[in-house]
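Have a look at the model, then read on.

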Amino acid sequence: MWSQVSQSLHESMARVISRIATLLPGILAFILAVLFFAAIAWVLAWLVRTFLNAIRFDERLARGTNAIAEWSPTYTPTTLITRVVFWCIVLVGFLVGLEAFGASSDNLLSARLLGYIPNVVGAVVLLILGNVIARFLSRSVLIGAVNMNLHYARLLSLGIKWLVLVLTAAMVLDHLSIGAAIVDLAFGILFGGIVFALALAVGLGSRDLVSRSLEREAARPAGETMPEEQFRHF
Amino acid sequence: MAKVELSEETKAGIEEVREADLLIAVAVPVDTEQLRTAATEAILGTGQSISELRTVVAFPGSTGVDAPMQAKTDLESGEKPGLRFVPYALPAASPERIPWLPVASTYQTLFAMARELGVSACAVIGFDLAALQTNFLAPMMTAVLEKGCDLVMPVYALGKFDGLLNSSIYAPLTRALYGRRVRFPLAPDFCLSSKMIPELELALQRANAQGQSTFWAATEAAIRDRTICQVNVETRHIPPADGVDLTTVLSQTVGSLYADMTTHAALWQRVRGSQPVETLSVPVAPPADGAAADTTPMVETFQLGFRNLQEVWSLVLPPVTLLELKRLARPGTSRFHLPDELWVRIIYDFALAYRLRTISRTHLLGALTPLYLGWVASYALEVGNASPAEAEQRLEKLARAYEEGKPYLLSRWRWPDRFNP
């Protein structure tokens with residue numbers, strides 16, 4: 001019996017090793033592809049950076065709209081573009097490596113997983129963009145609302161943030177083909193719910209404020225100076 | 001770097017005039033009829049030595065192809081034969097810009113015209129025609145032509161609560177940075193000599209290349225060690241009440257001041273203390289103050305800002321400053337007082353955050369508004385019953401606080417990563 005157990009173990013061991021051996025060329029091809037494309041990416045990124053610096057890209061961009069600097073304050077447009085070029089090429093290398101890996105294996109599961117990877121990459125990009133946009137918009141609304149002296153500034157800011165995050169989450173799940181109709185339905189309910197809640201909160205909360213403001217305006221004698229006009233800032 | 005290209009109409013006008021002694025450069029859109037009257041009266045009121053000089057008035061013509069020349073013909077039916085009017089095309093400005101603040105490209109066009117005409121002095125009229133309608137031109141031009149000043153800035157007679165952005169930020173900050181005590185460094189009206197024109201053109205080319213649209217003539221003169229003079233004038237500009245909101249004005253002007261700081265960092269880091277600027281003519285009495293100012297809305301905005309903007313402020317300000325602001329924002333504080341040292345540190349820390357792009361610059365400058373309103377409230381409470389002279393002394397104290405706080409700015413600027421409690 002022990003000899004049978006030993007033989008069985010040896011056979012399974014041999015199968016695993018032969019399996020790994022069949023995968024090795026694929027793994028090696030994957031690593032080589034990623035390294036090769038990383039090297040190309042590095043060279044291209046260097047070329048792009050040199051070219052953009054030579055044409056003073058940052059200065060030229062600053063003359064018009066400064067949108068890139070606003071959305072990504074810590075990086076210059078040149079750095080951002082260089083990094084995008086680098087990571088795009090590395091991503092291509094990653095996909096080429098996966099394709100090489102897939103070609104070396106005839107497993108159905110790995111083929112399906114490989115086909116799913118572009119969806120995952122797209123979803124990750126959507127998630128990152130959604131987070132950046134949510135953070136930027138919520139901060140813009142918060143600062144704008146405070147400067148307009150709105151007491152529900154934080155509520156507005158949070159509302160905007162969650163609206164964008166919910167929208168992002170729905171898009172990500174849709175991109176990953178998870179949930180299908182349930183996600184659409186849930187998103188519609190949640191999104192509508194947030195908008196409705198905000199409308200109720202702002203509408204009911206500021207009803208008294210608006211009526212008081214209108215009463216004050218109607219009761220003010222003609223020619224009376226507004227308190228704010230006593231100060232000239234410029 | 002490319003120089004500004006003048007329009008065909010402007011070139012034709014300059015060729016017709018050939019050369020002139022003075023240029024009155026109107027930098028904002030104005031009514032042509034009012035301009036004709038105001039310019040003629042202003043020149044006639046300057047006295048013989050100036051009124052006899054060949055003077056050209058540059059004014060923004062209409063945007064239509066034939067409109068500028070038409071406007072020129074209409075204007076030349078004036079009373080003074082030596083006065084010529086030449087139109088120029090006002091550069092297209094972003095709709096988000098402050099409408100009454102000329103953009104750098106406008107100054108570029110005007111200085112190019114001054115160069116082409118070979119004038120000895122140029123008077124820039126910004127904001128509106130108030131400068132031409134008051135006793136402005138004669139003392140300003142005299143300072144350039146007879147006293148040898150390169151740049152003459154006006155000293156407006158303002159009330160205690162007028163020009164507060166200038167009093168709290170522009171004037172004391174530029175004084176501490178560049179070492180010249182110019183009372184209104186962003187004055188819309190100023191005069192300059194022919195020597196300054198090519199230098200300012202170069203500065204404007206650089207400013208345009210860097211995307212800056214607000215131009216600080218006094219700063220450029222100070223860093224070039226030019227003779228700056230000041231003249232007390234009666235002119236008053238009243239910004240339209242329904243115009244641009246405070247946050248926009250603050251963002252654009254303070255933002256450009258911070259951008260200038262970044263550009264000239266190597267220069268202002270060497271400047272220590274400040275030198276007074278010669279002020280000509282007798283001071284003009286400021287307008288009478290109205291009723292006591294109500295500071296409650298501004299204090300409320302400051303407190304609201306503290307409750308909501310801490311996450312933004314904490315990225316910019318060190319903990320000790322936040323602690324002091326917390327103490328100040330506490331409801332029921334008997335006397336709202338923002339110390340000068342604290343205000344100066346806030347302005348310097350925001351300048352550093354602007355340079356380092358700690359957060360989006362729009363957000364950064366937007367987050368400064370509640371703090372500025374806090375300063376205005378504190379100042380208004382302090383000088384509410386004071387005379388204009390006492391208020392001026394109070395602003396002088398603030399300016400000294402800026403100078404005394406400069407080592408803090410230098411330290412933060414040079415070693416931004418150093419621990420700052």
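In what order do the eight strands of the open sheet in chain B run?

## The sheet in chain B

This is a predicted model. The order is E3-E2-E1-E4-E7-E5-E8-E10, with mixed pairing. Strands E3 (83-88) and E10 (278-280) of chain B sit at the edges with a single partner strand each, so one side of each has no neighbour in the sheet. On average, neighbouring strands are turned by 25 degrees against each other, ignoring direction.

Zooming in, E1 (residues 22-26) and E2 (residues 55-60) of chain B pair in the parallel sense over four bridges. Here Ile24(B) stands opposite Val57(B) in E2(B). Helix H9 (residues 196-209) of chain B packs on the sheet, where it touches E4 (121-125), E5 (151-156) and E7 (190-193) of chain B, and its direction makes about 110 degrees with that of E7(B).

## A helix pair

Helices H13 (residues 296-308) and H15 (residues 319-329) of chain B pack at about 130 degrees, with axes 10 Å apart. That makes H13(B) and H15(B) oblique to each other, and their crossing is left-handed. H13(B) brings Phe302(B), Gln303(B) and Phe306(B) to the contact, while H15(B) brings Leu325(B), Lys326(B) and Ala329(B). By class, that's four nonpolar, one polar and one charged.

## Where the chains meet

Chain A puts 29 residues into the contact and chain B puts in 36. On the chain A side, the elements giving two or more residues are helices H2 (57-63), H3 (67-71), H5 (108-147) and H6 (153-175). H5(A) gives the largest share, eight residues. The chain A side splits into eleven nonpolar, ten polar and eight charged residues.

Definitions and conventions
Residues are numbered from 1 along each chain as its sequence is written. Chains are lettered from A and ligands numbered from 1 in the order in which they are written. This is a predicted model: local features need pLDDT of at least 70, side-chain atom pairs count only at pLDDT 80 or more; totals for chains, interfaces and linings use all residues. Axes are lines fitted to C-alpha atoms, for helices over the stretch in contact, and angles run from 0 to 180 degrees between N-to-C directions. Angles under 35 degrees count as roughly parallel, over 145 as roughly antiparallel, 65 to 115 as roughly perpendicular and the rest as oblique. A crossing is left-handed if the near helix is turned anticlockwise from the far one by less than a right angle, and right-handed if clockwise. Two residues are in contact if their C-beta atoms, placed from the backbone, lie within 7 Å. Ala, Val, Leu, Ile, Met, Phe, Trp, Tyr, Cys and Pro count as nonpolar, Asp, Glu, Lys and Arg as charged, and the others, Gly among them, as polar. Two strands pair if DSSP finds at least two bridges between them.
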